[in-house]
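Please have the model open in a viewer that can select residues by chain and number. The tour below goes stop by stop, saying what to select and what is there.

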Amino acid sequence: MTDNNSQPLSAVTTRRSALRCMALAGSGIVWAMSGGAPLAVAKLGEAGARPPKHGLLFAQISDTHLGFSGPANPDIASSLETSIARIKALPRLPAFLLHTGDITHRAKPEEFDAADGLIGAAGIETHYIPGEHDVEDQEHGGLYRERYARGAKGDGWYSFDQSGVHFIALVNVMRFSDIGLGALGAEQLAWLADDLSALKNSTPIIVFAHVPLWAVYPDWGWATADSAEALKLLRRFGSVTVLNDHIHQTLQKIEGDVAFYSAASTAFPQPAPGSAPRPGPKALPAAELPSALGIRSITVRRNEAIIADFNLA
Amino acid sequence: MLASLAFAVLLDGGNLPAAASPQQQAETVVAIADYKFAPDAIVVKAGSTIAWRNDDDDAHSVVGGSPAIRSGAFEKGETFKTRVEKPGTIVYRCGLHPFMKGTINVVP
């Protein structure tokens, strides 16, 4: 029951005729959003490349899974170090990082410590949301909230503004629907409605959550049960970009004026939706692993969100 | 109406066979394999101990009931045990893969 409109990183297509090609360092893909519609711009080759010179630049990392040990990646920490190095090597330093959850693998204090050390080495302010792995402690997210969500509402949701862009952090890993999907819950949805109420329709919106807010593959829990209610609240805005991970692979989808982008993990890949009997860490030949991991830069410029995915190869 | 619980994590690997009919004295073992609880529905007597043994290559957890069972993530070869005290039905899931679901029917 996967969504056949979604597109993996390797399948680059053009959705509009007016494409703007950009060059970026390393191997990656740039997605641009124009008039609310995301465009898969180009598969990027090698050198010379740059993300846009102007606009608000920030970066996304996700699913770092500190504490994981398995054949899918025997050196998680090294992969995260490489990821941070790639971010710092961007032509200009991002204004901040978004970490879209699963900071740790088992929500152990020492795993959070390790993550803080490696991510903190970037020297860049970082905004977090939890993944389901981060709330497996006995207080159901107590360790996470103590470290990363002291000023947040409810289970850890919050918003902030930067350079005219409104950022919304949603939490969809604290409760499940009857069929095992992530859920936002009534309290968070009421907060979201209130948070959006004072904004003009022209305000660019960036939403980030761990579990996809679109139905990537519900049979594996890769969807959020009540995401439609959140998207209904966002419908009046002309530029909405939703960033997530959880599925450890880049995918993108358009629904009206809303663009959805799932990111790569810095830790290990998972199978493509429905391509295996079950989800879970996917072991690849060592030489192929870096190509399946990655980081993302996002530039917001004149109501456009320009997404660049970089693998670690 | 859910059973109240006393539980503990024992990371020593359970090895008792799973039980399909009510048992009180022995542990009832639920295997976790291929992202499923097996058996996914069990019947036990109040006061019984249930042990979930992770046979998968991925971490799993057991979350559910009220008061809540919360195992924390446990890896392959590890076992989580809890004791169920009150009659009732407990629905639980894997907190990491919530499409994995099981039920415990606790009988007097």
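**Stop 1: the interface.** Start with the contact between the chains, to which chain B gives 20 residues and chain A gives 21 residues. The model is a predicted one. Between them, chain B and chain A bury about 1,700 Å², of which 51% is on carbon and sulfur atoms. On the chain B side, select B:Arg70, B:Leu96 and B:Phe99: these lose the most area to chain A, and together they make up 35% of what that side buries.

**Stop 2: chain B as a whole.** Chain B has ten strands and zero helices, and along the sequence the pattern reads β-β-β-β-β-β-β-β-β-β. Chain B has 108 residues, and 51% of them count as buried. Among contacts in chain B with a separation of 6 or more, 58% are between residues 24 or more positions apart.

**Stop 3: strand β5 of chain B and its partners.** Select residues 49–54 of chain B, which are strand β5. Strand β2 (residues 27–33) of chain B runs parallel to β5(B), joined by six bridges. Next select strand β8 (residues 79–84) of chain B, which is antiparallel to β5(B) and joined to it by five bridges. Here B:Trp52 is opposite B:Phe80 of β8(B).

**Stop 4: strand β4 of chain A.** Move to chain A and select residues 56–61, strand β4.

β5(A) pairs with β4(A) in the parallel sense over three bridges, and A:Ile61 is opposite A:His99 in β5(A). Trace the chain from β4(A) through α1(A) to β5(A): this β-α-β crossover is right-handed.

**Stop 5: the aromatic cluster of chain A.** Select A:Phe58, A:Phe96, A:Tyr158, A:Phe160, A:Phe167 and A:Phe208, which form one aromatic cluster. Over all chains, there are 19 aromatic pairs. Look at A:Phe96 and A:Phe160: their ring centres are 5.5 Å apart and their planes at 80°, so this pair is edge-to-face. The pair connects distant parts of the chain, 64 residues apart: A:Phe96 is in the loop between α1 (76–88) and β5 (97–99) of chain A, and A:Phe160 is in strand β7 (residues 158–162) of chain A. A:Phe96 and A:Phe160 are both buried.

For another pair, go back to chain B and select B:Phe37 and B:Tyr92, which are edge-to-face with 4.8 Å from centre to centre and 70° between the planes. B:Phe37 is in strand β3 (residues 36–38) of chain B and B:Tyr92 in strand β9 (residues 88–93) of chain B, so the pair ties together parts 55 residues apart in sequence. Both B:Phe37 and B:Tyr92 are buried.

**Stop 6: the nonpolar cores.** Which residues have the most contacts inside the largest nonpolar core? They are A:Phe58, A:Tyr144, A:Phe167, A:Phe208 and A:Leu243, in a core of 47 residues. Centre on A:Phe208: beyond its neighbours within four places in sequence, its contacts include A:Leu98, A:His127, A:Ile129, A:Tyr158, A:Phe160, A:Phe167 and A:Leu243. Another core, of 33 residues, lies apart from the largest one and includes A:Val207, A:Ala209, A:Trp220 and A:Val240. In soluble globular proteins, nonpolar side chains tend to be buried together.

**Stop 7: helix α4 of chain A.** Finish by selecting A:Ala193, in helix α4 (residues 186–196) of chain A. A:Ala193 has 33% relative accessibility and counts as partly exposed. Draw a distance from A:Ala193 to A:Thr266: the two are 33 Å apart, C-alpha to C-alpha, and 73 residues apart in sequence.

Technical notes
Residues numbered from 1 in each chain as written. Chains lettered and ligands numbered in written order. Heavy atoms only, no water. Phe/Tyr/Trp six-rings, centres within 6.5 Å; stacked < 30°, edge-to-face > 60°. Helix = DSSP H or I, 4+ residues; strand = E, 2+ residues; numbered from the N terminus. Buried < 20%, exposed > 50% of the residue type's maximum accessible area, 1.4 Å probe, protein only. Core = buried A, V, L, I, M, F, W, Y, C linked by side-chain atoms within 4.5 Å. Contact = heavy atoms within 4.5 Å. Pairing = 2+ DSSP bridges. Right-handed = clockwise from strand over helix to strand, strands pointing away. Buried area = accessible area lost by both parts, 1.4 Å probe.
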